[in-house]
Amino acid sequence: MFKSLISVIFTILLLVNSSYALYKDQAGVIDWYQALVGTPKISYFQKILGRSNLIVATKHNVIANLNLRANTINWRHAFKDDDELITIAPLDNYIISLSETKSSNIRIWNGQNGYLANEYIIENTGDENIENGDLLVQNNIIFALIHGNTIIKINNISRSQEGKFKLNSNYYTKLFYDKKNNKVLTIGKNEKNQLMVTVLESDGKIISEKVTSNIEFEISDVFFTNESLVIKDINGKLYSLDPSKDSFKDLSFENVSELIQVKDNNFIIKTTDNKNSLIKITNTIEKLSAFENNVKGIISIFTNDNDSFVSKTTVTQKNTSVVEVMDANTGKIAKTFEIKNDYSNYGEITNVSLDSYRKKDGTLLYRILTTTQDGSIHLYKESNLVWNREESLSDIADLKFISLPELTKDIPEAIIDSANSGVLSQVSSRVQYQLSLLKGIFGKKQSSETLDDDILKRDIYGFRQILLFFTKKGKFVCMETLTKKTLWTRFIGKDVHDFEGIKLTNIRSSSVQYPPIVAAIASFNDNGKESTIIYSINAINGENYSYANKVIKSVVKFPYKILQTFRLSVEEKEDKTRVVVLIKSENEVEFYPNIPEILEIEKPVYFNLNDKIGGNTLRGYKLYINDDKKPQIDFLYAKTFPSNERIVSYGFKEPIDNVASLGKVLGNRNVLYKYLNPNILAVATIKPNEEYTSILSLYFIDTVKGSVIHHSYYEGGGETSIMKPKIVQFENIVICVFWNHGAPLVGELEQLDKETKKLRKDIKKGTQIVAFELYESEIENQKYPSQEFSSFDFIQPYIVSKSYIFDSIITSIGVTTTRNSIANREVIVGLDNNEMYGIPSIFLNARRKTHPPTNEDKEEALIQYHPIIPNSPKFVMTYSLPVTGVKTIVSNPATLESTSLVVAYGLDIFLTRRSPSNTFDVLSDSFNKPFLIITMSTVFIAVIYTNRKIKSNEFKKVWKVKEKKEEEKKIK
């Protein structure tokens, strides 16, 4: 009977475990995407076909129309990195943009659907003063100031360019229109800080040019009232200037901290005591009205043909702000209301845009768009919040995957604190806990509320992890990978001046007893001195972590800028946190936390202080504990590249780069052993070349001793304004992508020999991918005898490489990583057409043969070499999603060996699962589940039947023996 019970329990457990199986159609299709536009630098509300639309131009070269009801994007256009967006302006139902590349580009967009209505390309001779651009719209005539020295006139009705007017200086920055005299005014500030004013006819004829130098001013503080210019100087005084005259007129008004034009000659002035008044400027200043609230605030203007409104939004460190709306036509306060702003998550309000509209019954209502200190934007319909957009995520400094503990709550204390618990208590607690788990398995389905409570509980396949974003402005956004749910946010950039996020470092992984801890490192301005600040953050709830050792502070400031940071393997004993090294100079070092365990470091730690992109030197150092038990840094080497070469890229390695096999098994069953040097750094440099546009050199450098392991160069290799060289390293493989300018023929074709002609013909213009594989020896089965690698052992690796052509521009590169690196790797690239592309490793194998593959090659999965990487739609990871502006691709393993979590970010964010070797550890679609259940049920019944049958036979056998003995006794 006991054996039967065991069989029943075992069968039930099999059925329970099978219910956790993941099917093939569930893997690789769960992903999410977050489209962003960036933090606005220009925002306004525009009437398009009679309805209000929110138009923004952002710091990420994006023009967008945002939905006023839902948190969605009606349309957006992301300009290329080399096409800098200067400004935008409204024109009826259209939007005009001015951007600068090698040419000046004036585009007219349909405001409703974002379609390009017209485009004007103006060729330029240089790239000086491209920021000196402005747009002026008057009666379907567009005037565009480009490069501070040229005005373009465009007729929007005839869709034609009617003029190009050259100015006599390169420092003009603003355009105004004189409606009274039908003249165009352009103003600027020259290198002598003088005000330049030029008046032109509509046909471009220059009427007058004036230069005045009586006052000091900023060009943003110059306005035109249709009669005269109004200027605020740096001392807070107001002046007027007739464009036809040379001298300023003092308006006898002082202590002005800000001057904002409402319409024509109506202005809002803000004085040094935070009073905001509506004034009218003619020959004198007439005060019309004032805001009641004297708290520091931000002014916003809304005007149309009939109405003019001014809003003042108070800026406080509280969670509410007061908005006063003034009717500029009457000078009366039209409405006052409060808006909610979570200061701890967003910081102060930094910019406000105002909109006014009427309901069908004629009631006036107001909308405001606020931009906050962290870079996010918020739309309010008076006091009601319509939506928040976390646009701070468009400027990410670093990202970390945080693994969750398998169980996060309801664990008995006796299990956690086993060191201080008795054996009986541990056994009792363990039994109770397992029974509670069994009850949960067979209990009722959990409600959504319960699932929300358990969201920080690791799932069985490891798909549920934490994504912790850290922005340059100091915003933390913690999201859950499975559902895209935001777990918590926090803004620390408000704590210090000029905060700039640098990086995140995992200093403690998650476990049952300890939550995961990250160190957030940033720079800031401390009274004019560059300094560093470090936060210890609990990744589960976003709060500062309180160390058990009270000597260690959760927030520490250092009065210097750090040169390099990295993590040691040393742990603090009580909190189990790792130590972060802060290199403050070439011979000075600090530790966080600074604990006695640091002095127990036995082996030296090697690190580099390399030049940034554009430099040409790598420097190596050694950190160790000297005989006096003090940390010491020794300089080891300086690797300086030729003076005409500049560094353009360093190799990128994933934090988790496990190696499943030490060798590559060949088709003949022999092995090529991998050269697994953890100290290799791939560096790409570029130098100009007269025959070719440039030459790209690739170096493999051992960063411990500074030796060059490999050097190769590529004629025509270089970069463009869109595509920069990128390098990714994993295991014994290095992959470099770059732009090749091709090889133009020099001189007469007939003068070149056949070999040179062929060589130049083979160098193609376009994206080039070079794959390297490093092995310990070219001889099969030969392995270096030492079990532990050392850079000081002389091993010259055997290196094979292949070069490929790819027909798209690559803007970012990454590689998948799995738990044990058993599955194949997949190289993932971001393309300039807003797609992400997964290149299978079979196409980037450096050992591909030029001849047809033999049977042994086929067993090794080698295919014949072809220089072109196929561009198949099946390899597109993002389907039809326009994942824009991807700069970085990061991966992290799931619990399933076949699957890797991949996240790409730049402007947009995209997360997906990749299984390069297919999902070999999950059930397929064709798996016959009913047959499995029938088979298991049959086996279960057979086990019970057989068990009973055996017992019955044994019982009968015993009785037969007894009967036989009794019969024998009777016979006797």
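Both Glu391 and Arg389 are buried, and in this predicted model the two form a salt bridge, with the closest N and O atoms 2.7 Å apart. Side chains of opposite charge can pair when their charged atoms come close.

Take Arg76 and Asp908, whose side chains meet in a salt bridge at 2.6 Å, N to O. This one links distant parts of the chain: Arg76 is in strand S5 (residues 73-78), while Asp908 is in the loop between strands S63 (900-905) and S64 (909-914), and the two are 832 residues apart. Arg76 has a relative accessible area of 18%, so it counts as buried. For Asp908 that value is 0%, which also means buried.

Then there is the salt bridge between the side chains of Glu201 and Lys183, at 3.8 Å, N to O. Glu201 belongs to the loop between strand S16 (195-200) and strand S17 (206-212), and Lys183 to strand S15 (residues 183-189), so this pair ties together parts that are 18 residues apart in sequence. Glu201 comes out as partly exposed because its relative accessibility is 28%. Lys183, at 17%, is classed as buried. Salt bridges can also join up: Asp657, Lys674, Glu731 and Arg825 are linked in a network of them.

Now for the aromatic rings. A pair of aromatic rings is described by the distance of the centres and the angle of the planes. The whole structure holds 22 aromatic pairs. In one of them, Tyr837 and Phe875, the ring centres are 5.8 Å apart and the planes sit at 85 degrees, so the pair is edge-to-face. Tyr837 is part of strand S61 (residues 836-840) and Phe875 part of the loop between helix H7 (855-859) and strand S62 (888-893), so the pair ties together parts that are 38 residues apart in sequence. With 0% relative accessibility, Tyr837 is buried; Phe875, with a relative accessible area of 17%, is buried too. Elsewhere, ring pairs link Phe470, Phe476, Trp488 and Phe499 into a cluster.

Rings turn up alongside charges as well. The charged end of Arg913 sits over the ring of Phe463, 3.6 Å from its centre. In the case of Lys174, the charged end sits over the ring of Phe223, 5.2 Å from the ring's centre.

The loop between H7 and S62 also contains Ile868. This residue is partly exposed, with a relative accessible area of 47%. Ile868 and Gln768 are 100 residues apart in sequence, and their C-alpha atoms are 9.4 Å apart in space.

Ser277 sits in strand S24 (residues 276-281). Its relative accessibility is 9%, so it counts as buried. What does Ser277 touch, leaving aside its neighbours within four places in sequence? Its contacts are Phe267, Ile268, Ile269, Lys287, Ser289 and Ala290.

Val427 is found in helix H4 (residues 423-442), and a relative accessibility of 47% makes Val427 partly exposed.

Methods. Residues numbered from 1 in each chain as written. Predicted model: local features only at pLDDT ≥ 70, side-chain atom pairs only at ≥ 80, totals over all residues. Heavy atoms only, no water. Helix = DSSP H or I, 4+ residues; strand = E, 2+ residues; numbered from the N terminus. Buried < 20%, exposed > 50% of the residue type's maximum accessible area, 1.4 Å probe, protein only. Phe/Tyr/Trp six-rings, centres within 6.5 Å; stacked < 30°, edge-to-face > 60°. Lys NZ or Arg CZ within 6 Å of the ring centre and 35° of its normal. Contact = heavy atoms within 4.5 Å. Salt bridge = Lys/Arg side-chain N within 4 Å of Asp/Glu carboxyl O.
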